[in-house]
Amino acid sequence: MVGPGGIHGEILKLGGKAMIPYLARLLDITMNNNAIPGDWKKAVVVPIYKGGDRSVVGNYRPVSLTSVVCKRMEHVIAGYLSQVWEMRVSMVLDQGTRQVVTVCQDIADSLDEGVRTDAIIIDFSKAFDLVPNDRLLTKIAATGVDLRVVVWVKEFLLGRSQKVRVDGQLSEEVRVTSRVTQGSVLGPLLFLAYVNEFGETLGLIYGCSQMIV
């Protein structure tokens, strides 16, 4: 499936290493001019059928198709951010796994001891859609990355728009005001950067609740 810009991913694959100088030059231009092409900010949302009744909207998963050229740039930016954060910031990449193991063990111990267990469940199903871009950018800048990268990410996040494509028909274009772009390369990494300290905060809350009980 082809996203905005009409460039198929196979073109970049066929170009191979010969494409690298041109892509590097393009990234350099966007970095030094603090702007990215308009097509890089657009997405075409395609509903993918998951199963069940086809007339139920909830049985479809929306997939955002974005510029394949921009995705290559995102890989470079994501690689840089990961390298900087690995050196300067304690990004708890496996905190989710450790927390699940800890919670399961604590529940098992409580059952063995006959102690009542209370749980607070936080729904992150729409988490990507609720990240405020201004706060995200402030957090990224505070990690000490190159300010040109911060501006690039800002340009990537702000002023976005999308259309929905169903059976070859496109909807009217709508603006995307506050979210980490789903279907993008940078999306998961930016979301992780935004919620990074939440693990420690929830840990403190959990510790206090144990003391109260």
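Residues are numbered from 1 along each chain as its sequence is written, and side-chain values rest on heavy atoms, with hydrogens and water left out. Because the model is predicted, local features need pLDDT of at least 70 and side-chain atom pairs count only at pLDDT 80 or more, whereas totals for chains, interfaces and linings use all residues.

The chain contains eight helices and five strands, taken as DSSP runs numbered from the N terminus (helices, H or I, at least four residues; strands, E, at least two). Along the sequence these elements follow the pattern α-α-β-β-α-α-α-α-β-β-β-α-α. Of the 213 residues in the chain, 31% are buried, where buried means under 20% relative accessible area, exposed over 50% and partly exposed in between (1.4 Å probe, protein chains only). The chain exposes about 13,800 Å², of which carbon and sulfur atoms supply 59%; accessible areas come from the Shrake-Rupley method with a 1.4 Å probe, and for residues only the protein chains shown count as cover. Among the contacts (heavy atoms within 4.5 Å) with a separation of 6 or more, 70% are accounted for by residues 24 or more positions apart.

Two packed helices are described by the angle between their axes and the distance between the axes. Axes here are lines fitted to C-alpha atoms, for helices over the stretch in contact, and angles run from 0 to 180 degrees between N-to-C directions. Helix 2 (residues 20-33) and helix 6 (residues 147-157) pack at an angle of about 95 degrees, with their axes 9 Å apart, which makes helix 2 roughly perpendicular to helix 6 (angles under 35 degrees count as roughly parallel, over 145 as roughly antiparallel, 65 to 115 as roughly perpendicular and the rest as oblique). Leu27, Thr30, Met31 and Asn32 of helix 2 meet Arg148, Val149 and Trp152 of helix 6 in this contact, which by class has four nonpolar, two polar and one charged residues. In this classification Ala, Val, Leu, Ile, Met, Phe, Trp, Tyr, Cys and Pro count as nonpolar, Asp, Glu, Lys and Arg as charged, and the others, Gly among them, as polar.

For helix 5 (residues 133-142) and helix 7 (residues 186-195), the axes come within 9 Å and cross at roughly 80 degrees, and these two helices are therefore roughly perpendicular to each other. The contact is made by Arg135, Leu136, Lys139 and Ile140 of helix 5 together with Leu190, Ala193, Tyr194 and Val195 of helix 7; its residues divide into six nonpolar, no polar and two charged.

A search of the whole structure finds two aromatic pairs, for which rings of Phe, Tyr and Trp (its six-membered ring) must have centres within 6.5 Å, with planes under 30 degrees apart counted as stacked, over 60 as edge-to-face and the rest as tilted. Tyr49 and Tyr60 form a tilted pair, 5.5 Å centre to centre with 55 degrees between the planes, and this pair links Tyr49 in strand 1 to Tyr60 in strand 2, 11 residues apart. Tyr49 counts as partly exposed because its relative accessibility is 31%, and Tyr60 counts as partly exposed at 26%. Trp152 and Phe156 form a stacked pair, 5.8 Å centre to centre with 10 degrees between the planes. Both residues of this pair, Trp152 and Phe156, lie in helix 6, four residues apart, about one turn of the helix, and both are buried.

Val57 is located in the loop between strand 1 (42-49) and strand 2 (60-65), and its relative accessibility of 69% is the reason that Val57 counts as exposed. From C-alpha to C-alpha, Val57 and Pro47 are 9.0 Å apart in space, and they are 10 residues apart in sequence.
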